[in-house]
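Please read them alongside the sequence and the coordinates.

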Amino acid sequence: MSSSYMQNIGTKLFAKHIQQYTPEDPMYETYTDERGRQKRRKRQIPPGLSERDAKILKSVQRRAHYLDRTFSVCGLRFGWAVVIGLIPGIGDFADVILAYLVVLRKARQAELPEWLVRRMLLNLIISGTVGFVPGVGDVVVGMYKANFRNAQLLEEFLRIRGEEFLKTQTGGQNGTRAPRLSEKDAEQVKPGAGMEDGTGHPSTSSTSRSKTGKKKAEN
């Protein structure tokens, strides 16, 4: 079971994104330049992530953008998910399958905890169920943007992972010690997951490395 800390994080993230009717673009962000002008750029990858997790996040963000925000009609942004859903008979079913294969399955490669995977699946179920409603279903799907929500959940979780990994690298400097996760929480977050160990092989996390080190020391 997930610890209470991670359950609270999961609940807060889910509540935040389930209430966000039109999530912000997970692929692009706006910023103000030196002249005070609003410009758009690709979202920055959270620091402290492995190269593997960074690539997964970029891929999920890009795919979610194409599925949920490729086109614009009368101010409404939508993507290929809505277009596919318009196909009579199999459109909505194919849309859910595509969203799972293209976005969620890719996100799971980042070693996500089961509670987060379940929340992402719920987003797809909600979107797929609404899509079967005649007439307004596809419009609501275009506004709900399940793939965007899942990309945002992935980014927020990986941001936590990156922050916790940086704490393990900077803790103890300048006479201060950053608060650490408990062992159970660290098993959920997996700080450093995807990093290569000294042999050049991918490592599961900094937590698993520390456990291995303890076993060697005991031997």
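1. Among contacts in the chain between residues at least 6 apart in sequence, those that join residues at least 24 apart make up 61%, a contact being heavy atoms within 4.5 Å. The model is predicted, with local features needing pLDDT of at least 70 and side-chain atom pairs counting only at pLDDT 80 or more, while totals for chains, interfaces and linings use all residues. Residues are numbered from 1 along each chain as its sequence is written, and side-chain values use heavy atoms, with hydrogens and water left out.

2. The secondary structure comes to nine helices and four strands, and along the sequence these follow the pattern α-β-β-α-β-β-α-α-α-α-α-α-α. Helices (H or I, at least four residues) and strands (E, at least two) are DSSP runs numbered from the N terminus.

3. Of the 219 residues in the chain, 42% are buried, where buried means under 20% relative accessible area, exposed means over 50%, and partly exposed lies in between (1.4 Å probe, protein chains only). The accessible surface of the chain is about 12,500 Å², and carbon and sulfur atoms account for 55% of that surface; accessible areas come from the Shrake-Rupley method with a 1.4 Å probe, and for residues only the protein chains shown count as cover.

4. Helix 2 (residues 51-69) has 19 residues and spans 26 Å from its first C-alpha to its last, close to the 27 Å expected at 1.5 Å a residue, the expected span being 1.5 Å times one less than the number of residues. Its buried residues include Asp 53, Ile 56, Leu 57, Val 60, Ala 64 and Leu 67. The cover over the buried residues of helix 2 includes strand 1 (28-32), strand 4 (76-78), helix 3 (80-85), helix 4 (91-107) and helix 7 (146-170).

5. The largest nonpolar core has 26 residues, and those with the most contacts inside it are Val 60, Leu 112, Leu 116, Met 120, Leu 154 and Leu 158. Two or more residues of this core come from each of helix 2, helix 4, helix 5 (114-131) and helix 7, with helix 7 giving the most, at seven residues. A nonpolar core is here a set of buried Ala, Val, Leu, Ile, Met, Phe, Trp, Tyr and Cys residues joined through side-chain atoms within 4.5 Å. Leu 154 shows how such contacts are made: not counting residues up to four places away in sequence, Leu 154 touches Ile 56, Leu 57, Val 60, Ala 107, Leu 112 and Met 120.

6. How many salt bridges does a search of the whole structure find? The search finds twelve, a salt bridge being a side-chain nitrogen of Lys or Arg within 4 Å of a carboxyl oxygen of Asp or Glu. One of them joins Arg 52 and Glu 111, with the closest N and O atoms 2.6 Å apart; this pair links distant parts of the chain, as Arg 52 is in helix 2 and Glu 111 in the loop between helix 4 and helix 5, 59 residues apart. Arg 52 is partly exposed, with a relative accessible area of 26%.

7. A further salt bridge is formed by the side chains of Arg 161 and Asp 53 (2.8 Å, N to O). Arg 161 lies in helix 7 and Asp 53 in helix 2, so this pair ties together parts that are 108 residues apart in sequence. Both partners, Arg 161 and Asp 53, are buried, and for Asp 53 the relative accessible area is 0%. Not counting residues up to four places away in sequence, Asp 53 touches Ala 110, Leu 158, Arg 161 and Ala 193.

8. Glu 111 also forms a salt bridge with Lys 190, the closest N and O atoms being 3.5 Å apart. Here Lys 190 is in the loop between helix 8 (183-189) and helix 9 (206-218), 79 residues from Glu 111, and Lys 190 counts as partly exposed at 22% relative accessibility. Through salt bridges that share partners, Arg 52, Asp 53, Glu 111, Arg 161 and Lys 190 are joined into one network.

9. On the surface, Phe 93, Ile 97, Leu 101 and Phe 132 form a nonpolar patch with about 410 Å² of accessible area together. Patches are made of residues with over 30% relative accessible area and no salt bridge, like charges being joined within 9 Å and nonpolar side chains (Val, Leu, Ile, Met, Phe, Trp, Tyr) within 5 Å. Phe 93 is in helix 4 and is exposed, with a relative accessible area of 55%.
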